[in-house]
Amino acid sequence: DLARQVPFDVAGASATGTTREPAAAQASPSEVAERRELRELYDACVLELSDRHREIVLLRDYELLEWDETGAALELDVHAAQELYRRASLKLAALLEARLRDRGARTS
């Protein structure tokens, strides 16, 4: 009987107030472990950045500051902060790529 069906809202809560996540939305233990390893690798690479690059990455990626707040914290205008972050991101990506490549070479 279609009249008895109760739709789930976007958050997954039903009209009865119960909340369930679909099984497919839950990460497997191996996925959780892989994410944790990647986060630890990311954190280690952030620590390898120069002080200025590390500072802007911490403000943007860890503290989630907006551009105007980031610029003010670093005494830069918004465009200079964005350019500094772009350069820091490129350096961070290179560090991550090298670490992942090294990790892959050790496991093969």
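A residue counts as buried when its relative accessible area is under 20%, as exposed when that area is over 50%, and as partly exposed in between. Keep this scale at hand as we walk through the structure, which is a predicted model.

What does the side chain of Glu 37 do? It meets the side chain of Arg 103 in a salt bridge, with 3.7 Å from N to O. Glu 37 belongs to helix 1, which covers residues 29-48, while Arg 103 belongs to helix 4, covering residues 78-107; the pair therefore ties together parts that lie 66 residues apart in sequence. Arg 103 is partly exposed as well, because its relative accessibility is 30%.

Let us stay with these two helices and turn to Glu 48. This residue forms a salt bridge with Arg 99, and the closest N and O atoms of the two are 2.2 Å apart. Here again one partner, Glu 48, sits in helix 1 and the other, Arg 99, in helix 4, so this bridge joins parts that are 51 residues apart in sequence. Glu 48 has a relative accessible area of 40%, which makes it partly exposed. For Arg 99 the value is 30%, and this residue is partly exposed too.

Arg 86 and Glu 83 both lie in helix 4, three residues apart, or about one turn of the helix. Their side chains meet in a salt bridge of 2.6 Å, N to O. Arg 86 counts as partly exposed at 42% relative accessibility, and Glu 83 is partly exposed at 31%.

How many salt bridges does a search of the whole structure find? The search finds eight, and the pairs Glu 37 with Arg 103, Glu 48 with Arg 99 and Arg 86 with Glu 83 are among them.

Finally, visit Arg 60, which is found in helix 2, residues 51-62. Arg 60 is buried, yet it has no salt bridge. Leaving aside residues up to four places away in sequence, Arg 60 touches Leu 65, Glu 66, Trp 67, Thr 70 and Tyr 85.

Conventions:
Residues numbered from 1 in each chain as written. Predicted model: local features only at pLDDT ≥ 70, side-chain atom pairs only at ≥ 80, totals over all residues. Heavy atoms only, no water. Salt bridge = Lys/Arg side-chain N within 4 Å of Asp/Glu carboxyl O. Helix = DSSP H or I, 4+ residues; strand = E, 2+ residues; numbered from the N terminus. Buried < 20%, exposed > 50% of the residue type's maximum accessible area, 1.4 Å probe, protein only. Lys, Arg positive; Asp, Glu negative; His and termini not counted. Contact = heavy atoms within 4.5 Å.
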